Amino acid sequence: MASINGLREQPELLALRALKLGDLLVAVPALRALRREFPEHRILYAAQEWLAPAVELVGSVDALLPLHGLDVPIDLTPGRIDVAVNLHGSGPESTGRLEALAPRRLIGHAAPGLPGPEWRHGIHERERWAGLLSWHGIAADPLDYLLLPPRAANPAPGAVVLHVGAAYGSRLWPVERFAAVAAEFNRAGRQVLLTGSASERPRALAVAGRAGLPESSVAAGELDLQAFAAVVAGAALVVSADTGAAHLASAYARPSVVIFGPAPVTEWGPPAGPHIALTDETVRVGDTFAADPDPALLAVTVADVLAAAEKLEVL
């Protein structure tokens, strides 16, 4: 270990997962396990910089290392990282980026010259990453996924949160269906809050307009990540496609109705609890990056969502 003035530097562990919010949240059990196994290490999480407020809620990561993707090398001096953990994938790109750092130990799936478990298809992501660490002798519990309370105040405690956006068109449930759901909750006397990113604000405004809701019901583009987490953590119900909002609802054990399109429920679905996943696997195309909604998503009707809300005793 390198030293400064004869004193040992704190060893560092790098967990690579240069992806989005939902990807972070399904990796929480693995990150917690790494904290327990390496209490003396400074743990860095390599991912997109905007995730820093959410990384703070994990409670087992010391700092976020900004990394938008795998197109560029990880900006660290080779030899600095003591332990590197590949929570990104199992391919040559992610493995190569970590090998270039020359860590003392590299934890990942099986790859040429590297020990590890074989990549398995059809298992849940929480189980995948917890299982990876278990294979390497690091005890991990896939059910250790709950987040710390957000430090931000909740501007709408007890609201029914409809997260109307998604990163790709394949997960965009139609505006008119969100509007019909919003209108029904409004008629039932529930406060409805429409969330999404700044670019999704026009979509949220369109939902509000069709539902007869005031513009004040639209929070899309107005919440930072901690405030968004606070809204979800205090929600009466979260209705969302398979997005980060749905994973936040799981992370705070809030009732949720999750509409699935291209992603399999078996791999990305919510855990046991007050959560209902809706989809039609028989018509799923499975193209995450498609511009048009997946047929499995479109198979979910307004009546399906409202029935799920009734089952959860929110409507």
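Trainee: What is the handedness of the crossing of helix 8 and helix 9?

Mentor: Keep in mind that this is a predicted model. Helix 8 (residues 225–233) and helix 9 have axes 9 Å apart and pack at about 55°. That angle makes helix 8 oblique to helix 9. As for the hand of their crossing, it is right-handed.

Trainee: Moving on to the open sheet of five strands, which strands stand at its edges?

Mentor: Read along the order, which is 9-8-10-11-12 with parallel pairing.

Trainee: What angle does the direction of helix 9 make with that of strand 10?

Mentor: Neighbouring strands of the sheet are turned by 15° against each other on average, ignoring direction. Helix 9 packs on this sheet and touches strands 8, 10, 11 and 12. Its direction and that of strand 10 make about 145°.

Trainee: Which residue of strand 9 is the bridge partner of Val161?

Mentor: Strand 8 (residues 160–163) and strand 9 run parallel and are joined by four bridges. Leu162 stands opposite Leu194. For Val161, the bridge partner is Leu193.

Trainee: Which residues of strand 9 point the other way from Val192 and Leu194?

Mentor: Here's a handy rule: side chains in a regular strand alternate between the two faces of the sheet. In strand 9 (residues 192–195), Val192 and Leu194 point one way, and every residue on both sides is buried. Pointing the other way are Leu193 and Thr195.

Trainee: Is Thr243 buried or exposed?

Mentor: Thr243 sits in the loop between strand 10 and helix 9. Leaving out residues up to four places away in sequence, Thr243 touches His163, Gly165 and Ala166. Its relative accessibility is 11%, and the cut-off for buried is under 20%. Therefore Thr243 counts as buried.

Trainee: Last one: which residue with a positive phi follows helix 5?

Mentor: Helix 5 (residues 125–135) has buried residues, including Trp129 and Leu132. Among the elements that cover them are helix 2 and strand 6. After the helix comes a residue with phi near 85°, and that's Gly137.

Conventions:
Residues are numbered from 1 along each chain as its sequence is written. This is a predicted model: local features need pLDDT of at least 70, side-chain atom pairs count only at pLDDT 80 or more; totals for chains, interfaces and linings use all residues. Side-chain values use heavy atoms; hydrogens and water are left out. Helices (H or I, at least four residues) and strands (E, at least two) are DSSP runs, numbered from the N terminus. Buried means under 20% relative accessible area, exposed over 50%, partly exposed in between (1.4 Å probe, protein chains only). Contact means heavy atoms within 4.5 Å. Axes are lines fitted to C-alpha atoms, for helices over the stretch in contact, and angles run from 0 to 180 degrees between N-to-C directions. Angles under 35 degrees count as roughly parallel, over 145 as roughly antiparallel, 65 to 115 as roughly perpendicular and the rest as oblique. A crossing is left-handed if the near helix is turned anticlockwise from the far one by less than a right angle, and right-handed if clockwise. Two strands pair if DSSP finds at least two bridges between them.
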